[in-house]
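Here is a short briefing to read alongside the model. Please keep the 3D view open as you go through the points.

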Amino acid sequence: MKILVTNDDGYKAPGLQVLVDLLRPLGDLVIVAPKYHQSGMSMAVSMGMKPIAVKQLTNDPRESWWYVDATPSSCVKWALDEIYTDCKPDLLLSGINHGANTASAVLYSGTLGAAREAALAGVPAIGVSLDDMSFNADFTPVKGMLIPILEKLMENYSTRFGAFYNINFPNLPLREIKGVKACHQGIQHWLKEFRPYDEGIFRRLGINPLDMGITYLPRREEGESVYMMAGDLVGDELNTAGADHLELQDGYVSVSVHNIDSTDYNELCRLAKIDFGL
């Protein structure tokens, strides 16, 4: 099997290395990951004729590593254009993300943006995340459960064009995980997202700012204030049983399916009956 691997935490992220270690027995790997941390990029691409640096890190025919100084989606585009010139990969794996990608976070996630990019190109795609933002996260549960889950998904992969899967592991010891559940996307939102820049928040979360791609505090021009996005994530009353973030919180591995087609077909049926009178 030919497997393309990427992430949004950057090519040095421990989660990416864990994923590669798990996938190594399954086939030939090509790892193309961002040079720097790229969370929250969704399906953004590096446009505007920007120069994009690329470096090959290893040249093993069964496991080649590259970084691309661009978004996760751009990494996938580059790999499909420059490496898989004769045939597409059999599978795209994106992750293992440091932090959950459930509910509304799915809309912002660079991890899942890469999966969408692959799905758009007709490549089966799966995003994998662990509900722990620390770069020192314990990936033992993922190591113990991911491969059987992947095998089941590949055996039963959706025939609908544009489908891709999203796997999230709870931050629990393996023995405490209750099982695996198929879920729908939940609804959450952030409150008070913009806060005065505070380096102390990284210490409280056990995160090194360098791991997040933050290398310096921007110089302030006269009259400027500096903020950071670090809001409170809250649920919504519209959530129903089986929402991915709720099952994750309850100790299950959540598996949800998404599609690049975001059309609301029920609403389309209603809209089609409207006489616009023009």
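Predicted model: local features only at pLDDT ≥ 70, side-chain atom pairs only at ≥ 80, totals over all residues.

Two residues are in contact here when heavy atoms of theirs lie within 4.5 Å. Leaving aside neighbours within four places in sequence, Val32 is in contact with Leu4, Val5, Thr6, Trp66, Val68, Cys75, Trp78, Ala79 and Ile83. Several of these names come back below.

**Nonpolar cores**
- The largest nonpolar core has 58 residues, and Val32 is one of those that touch the most other members, together with Leu23, Leu93, Ile126, Leu146, Ile167 and Phe169.
- Helix H5 (residues 140-155) gives this core its largest share, seven residues.
- Another core, of seven residues, lies apart from it; among its members are Tyr197, Ile201, Val226 and Met228.

- H2 is largely enclosed by the rest of the structure, because eight of its 11 residues are buried.
- The buried residues of H2 are Pro72, Ser73, Ser74, Cys75, Val76, Trp78, Ala79 and Leu80.
- Their cover includes the strands E1, E2 (28-34), E3 (54-56), E4 and E5 (91-98), as well as helix H4 (110-120).

**Cysteines**
- If you are wondering about disulfides, the structure holds zero.
- Cys75 is in no disulfide, and the nearest cysteine sulfur, that of Cys87, is 20 Å away; a disulfide would need the two sulfur atoms within 2.5 Å.
- Cys75 is buried, with a relative accessible area of 1%.

**Aromatic rings**
- The count of aromatic pairs comes to four.
- One of them joins Tyr11 and Tyr67, which are tilted, with 5.0 Å centre to centre and 35° between the planes.
- Tyr11 sits in the loop between strand E1 (2-6) and helix H1 (14-23), while Tyr67 is in strand E4 (residues 63-68), so this pair ties together parts that are 56 residues apart in sequence.
- Tyr67 is buried, with a relative accessible area of 11%.
- The rings of Trp66 and Trp78 also form a tilted pair, with centres 5.0 Å apart and planes at 55°.
- Trp66 belongs to strand E4 and Trp78 to helix H2 (residues 72-82), so their pair ties together parts that are 12 residues apart in sequence.
- Both Trp66 and Trp78 are buried, and both are in contact with Val32.

**A charge over a ring**
- Lys181 lies over the face of Tyr252, at 4.3 Å from the ring centre.

Conventions. Residues numbered from 1 in each chain as written. Heavy atoms only, no water. Buried < 20%, exposed > 50% of the residue type's maximum accessible area, 1.4 Å probe, protein only. Phe/Tyr/Trp six-rings, centres within 6.5 Å; stacked < 30°, edge-to-face > 60°. Helix = DSSP H or I, 4+ residues; strand = E, 2+ residues; numbered from the N terminus. Lys NZ or Arg CZ within 6 Å of the ring centre and 35° of its normal. Core = buried A, V, L, I, M, F, W, Y, C linked by side-chain atoms within 4.5 Å.
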